[in-house]
Structure formats: structure tokens, C-alpha cells
Amino acid sequence: MNFISTRGGEKVNGAAKAIVKGLADDGGLFVPESFPPVTREELEEMLPLSYPERAARILGKYLDDYDSGELLAALEAAYSKFEGDPAPLVRIDDGIYLLELWHGPTCAFKDMALTVLPYLLRRGSDICGIKEKILILVATSGDTGKAALEGFKDAEGIKIMVFYPDDGVSKMQKLQMCTQEGGNVNVVAVKGNFDDCQTAVKQIFADAEQAKILKERGYILSSANSINFGRLAPQIAYYFSAYLDLVSGGQIEMGEGVDFSVPTGNFGNILAAYYAKRMGLPVRRLHCASNMNNVLTDFLSGGTYDTRREFYKTTSPSMDILVSSNLERLLFEVCGRNAGRTADLMKEPEATEAYTVTPQEKAAVNETFDGGFANEDEVVETVYDVFCDTGYTMDTHTGCAMKVALDWFEKNKKDTVKMVVVSTANPYKFPQDVLYAVTGNDVKDSFKGIKRLHAAMAVAVPKSLSGLRDKPVRFSKTAKRDKLFEEVLSFVDGD
Ligand SMILES: *Cc1c(COP(=O)(O)O)cnc(C)c1O
């Protein structure tokens, strides 16, 4: 399959090239030249399959330059690192389900793709005949960094460097990253918030001179951020799998439309749902859930994307984002795949920090998407209410999506659609905030939070979190935003 840039300047043959490059030369994002269809018969055929088998069917449609048997084996290996079913569906009420995507090694949904990406990149670079080693740079709002480090640690021919905003991640997230094991990893804090951090990393990718310097040292750059198609592709699979589980569980008829409510930051997770819909999955509406950084809510209701607003640090830090990079892929679709138009829109924010889509483009977005958000009190209230009503404990990110889902039914009382709320983190990953929500108990220490939350939830604590307490901190450096390339070079030269 061919992949094209959303800004029109590049076309590559094969997913491997798109995945290894990460970002197109013109600054655009790679998108498939067309959406490969999944027929009703294929959906029926996938009903009895395991999660990795279902994923192999979906990914294989995009990754037709990878060997299909090898792809399946890689997916089986990746998802064997999960506790049980990688993407179980939990029914909490008539018509409301949670799709739990956090049973992987780092307890957040990023594991769904980042356990697979090392294979996609390594094999991809072989397919492309690349001799250089790969240097992965990641800007993280918390969960991507850890999941990428864990996915890539000690991968042959790959080095990985993670940058996180020094005051923008939770204590648990920071500890997870700074204690990371592996001989090929590095972690650096960056002064500023996530958008500053992401912008600084993007600048390294855009700088041809710096790429040349790295190449002379035997490295090419690649990205594990959600703009990489290799991140997006594995995420499409769980929407199919959730749908199939609803059918096999007798909750819906094959062909019946379902809604998803997705806690959104960089717009990667929800975009995968949209891709699934475009491939033919009966998705009716997608509810884009934000926290107080509700730039997407305003865009979906008013058609203007405006980042000129206060940035809030919330209890759902992985959604504390004002520039949602993957939205570019949706804009490309809703303007009729007009790359010139997409490029114009995307250049505007750099100049004016805001852009407005046409009424037709907005209507095309709203055909599928609507948005909502939860403020901090509403997150607490939602997590608490669901805990009281059903005994189910969800994390703060999922709480935002649950609030938006419940608001939808409040406004549309007669709607009988089945709603899947996408659950993106294990509640123990944000123990103090979740503890506060379900018990009103305020503790300063994360591990105390875990202990007390365990008493309230009576669900086992994942070892990958409880074991953090005894791990030595390996990384503690903070860098200024304009000094990141120097950090990169000293890491590369440290061989
Ligand atoms: C990354 C993340 C999100 C946001 O996902 P996007 O793909 O960036 O929209 C939501 N919740 C959690 C827990 C995350 O780690």
C-alpha cells in the first residue's frame, strides 16, 4: 500500500517506509492512500479469533509489505506481555461498556501499540534496506515515554531517548521513566509543559542539518510518537475487537452501530476509531473527551481550533495537551483529502496559533464526532458515582470519557445505542487522585495511595507499579528546550 503525506509533498511505497520515516519530509503525516475495506464476511470470520489474530488481520491490510506469518508471530509475542486478554470489554451497565486497554507492561493504553512498534520499525528498516542504526526520540506527556522505553529496551540496532516536561507528568509516571532499565535508553526532563517539549522534539526532526550530523555518526532518526503510522495501526485493531466482543457476547447484532467515548490528548486513539469506521466497522458516533484543556471540545462545537488559552495541569496529565497532532489526519479527510488545504490550515497555527475550518468541513467532522469535557470536580464526581453505583474503579482519564458518555445519554434520553467508553489507564497508575475520588482520602505519597486504594478496590496491584519503590533512579537530568540536540549528541556519542 502507498502512503501519502497530508501536506501533499511526499508519497512512499509501503508501510515500512512510512513507519521508519515517521514524519513526511514536508512536515505532514503519512496516511494510507485509501482505507482498506473490511467486509461483513470478514467480520464474521474474525469472531472466533484471538486478539493477536484479529489484530493481524487488520494490520495486514495496511502492512502488506510485511510477511503476514511473521506479523502474526510478532503480535502474539507482543500481547503475551499482557496480563490475560489484552483488550477486555467490561459491562458496567445496560448499554455502557469499558474497553480496558491497560493490561500491558506499563499499565496504560500506549502499550497496545508500543509493544508492537519495535518489531514494525526493526523489520521495516530491513525492508527499506537501511544500514544505519535507529535513534528514537520521544516527547511524552507521561505514558508514551514509559511504554516506549519498555517496548524498545535492549532492542538491537535501536537507541531510544525520551523527553518529558519537568512539571507535566505524575509522580508515578516520572518514577516509571527515571528507573527504566536497559543499555540503550536515556531519559531527560525538559523545562516547560508538554507542548513546549513536543515542539522542541519536532524541531530536531525538521532540521536537515542535524539529521546529517546524526547520519555521519551512523544513526537515522525515527519517532515513536503517535504521529507515527506504526502507532496508529495497532490501535485500529482494538476497535474491531471490541465490536466483535459485543457481537459474540450477544450485546449487539452484527451490523448494529455503536458509539465510542475516548479520552483524548494527541487525538491518536480516537483517530484509530475513525479509521476503523472508514474501513467499514459499524461505528456510529465518536465522542471526543477532554479535560479542562478543552481545545478539542471548542473545535468540535465551533469549528475554530485556538490554542491561545490558559494551560491547566490536571489530574489526567496524559490529556494535558493543546496541540493535538493527529487532528491533522482528520482535517485531511474532511477537506476531501485536499493536501494543499491541509497544509494551509496547519501552517496557520504557527503564525496565529489558531485556525478555523469551513462550515462544510465542520459538518463533515460533526457527521461522526462530537466533543465534551470534564473539569476537575466532574472527574472526581464521575469516578466516585460509578464506584458507588457499580463497584467499578476507573482512572482519571477514563473518568473524563465516562463523564462525556453520561452527558450524551443525559442529553439524548431516548438513544439506545451501545456506548463503549475507552479506558486508558490502570487506576493504580494515578493512585492519589483515584483514591481521593473514591474515598475523599488525600495522601501525599504515591505508594501510600496505592496501599489505600488497594484496600478500597480490592483488585490486585500490578507488580510493575508496586515494585517501583525499590528501583534505583537512573536518570535525573533536566535540559532547556533549545538544548535538546546537544543531549541527543552526547547520548549517541556515549557508545
Ligand atoms: C496518551 C493517553 C491518552 C490520550 O491519548 P491520545 O491518543 O493522545 O489522544 C489518554 N489517556 C491516557 C491514560 C493516555 O496515556
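Thr6 sits in the loop that joins strand E1 (2-5) to strand E2 (11-13). Helices (H or I, at least four residues) and strands (E, at least two) are DSSP runs, numbered from the N terminus. This is a predicted model, in which local features need pLDDT of at least 70 and side-chain atom pairs count only at pLDDT 80 or more, while totals for chains, interfaces and linings use all residues. Residues are numbered from 1 along each chain as its sequence is written, and side-chain values use heavy atoms, with hydrogens and water left out.

- Thr6 counts as buried because its relative accessibility is 0%. Buried means under 20% relative accessible area, exposed over 50%, and partly exposed in between (1.4 Å probe, protein chains only).
- Leaving aside neighbours within four places in sequence, Thr6 is in contact with Gly28, Leu29, Val31, Glu328, Arg329, Phe332, Ala339 and Thr342. Contact means heavy atoms within 4.5 Å.
- Thr6 and Gly27 are 21 residues apart along the chain, and their C-alpha atoms are separated by 8.7 Å.
- Gly336 follows H14 and has a positive phi, near 75°.

**Nonpolar cores**

- The largest nonpolar core holds 114 residues. Such a core is a set of buried Ala, Val, Leu, Ile, Met, Phe, Trp, Tyr and Cys residues joined through side-chain atoms within 4.5 Å.
- Phe152, Tyr239, Phe240, Phe260 and Tyr275 touch the most other members of this core.
- Helix H11 (residues 229-248) gives the most to this core, with 13 residues.
- A second, separate core has 39 residues, including Met419, Val421, Ala437 and Val443.
- Phe152 is in contact with Leu114, Leu117, Pro118, Leu121, Ile136, Ile158, Ile160, Asn184 and Ala224, leaving aside its neighbours within four places in sequence.

**Helix pairs**

- H3 (residues 51-62) and H4 (residues 68-79) pack at an angle of about 135°, with their axes 9 Å apart. Axes are lines fitted to C-alpha atoms, for helices over the stretch in contact, and angles run from 0 to 180 degrees between N-to-C directions.
- H3 and H4 are therefore oblique to each other. Angles under 35 degrees count as roughly parallel, over 145 as roughly antiparallel, 65 to 115 as roughly perpendicular and the rest as oblique.
- The crossing of H3 and H4 is right-handed. A crossing is right-handed if the near helix is turned clockwise from the far one by less than a right angle, and left-handed if anticlockwise.
- On the H3 side, Tyr51, Pro52, Glu53, Ala55, Ala56, Leu59 and Gly60 meet Leu71, Leu72, Leu75, Glu76 and Tyr79 of H4.
- By class, the contact of H3 with H4 has nine nonpolar, one polar and two charged residues. Ala, Val, Leu, Ile, Met, Phe, Trp, Tyr, Cys and Pro count as nonpolar, Asp, Glu, Lys and Arg as charged, and the others, Gly among them, as polar.
- The axes of H17 (residues 376-390) and H19 (residues 431-439) come within 8 Å and cross at roughly 60°. H17 and H19 are therefore oblique, and their crossing is right-handed.
- Val380, Val383, Tyr384 and Phe387 in H17 meet Tyr436, Ala437 and Val438 in H19. This contact has seven nonpolar, no polar and no charged residues.
- The axes of H8 (residues 171-178) and H20 (residues 446-457) come within 10 Å and cross at roughly 115°. H8 and H20 are therefore roughly perpendicular.
- Lys171, Met172 and Leu175 in H8 meet Ser446, Phe447 and Ile450 in H20. The classes here are four nonpolar, one polar and one charged.

**Loop residues**

- Most residues other than glycine have a negative phi.
- Asp154 has a positive phi, near 60°. Asp154 lies between helix H7 (143-152) and strand E7 (158-165), and counts as exposed at 54% relative accessibility.
- Arg337 also has a positive phi, near 55°. Its loop runs between H14 (327-334) and H15 (339-352), and Arg337 is partly exposed at 25% relative accessibility.
- Asn294 lies in the loop between strand E11 (283-290) and helix H13 (295-302). Asn294 is buried, with a relative accessible area of 12%.
- Asn294 touches Arg309 and Phe373, not counting residues up to four places away in sequence.
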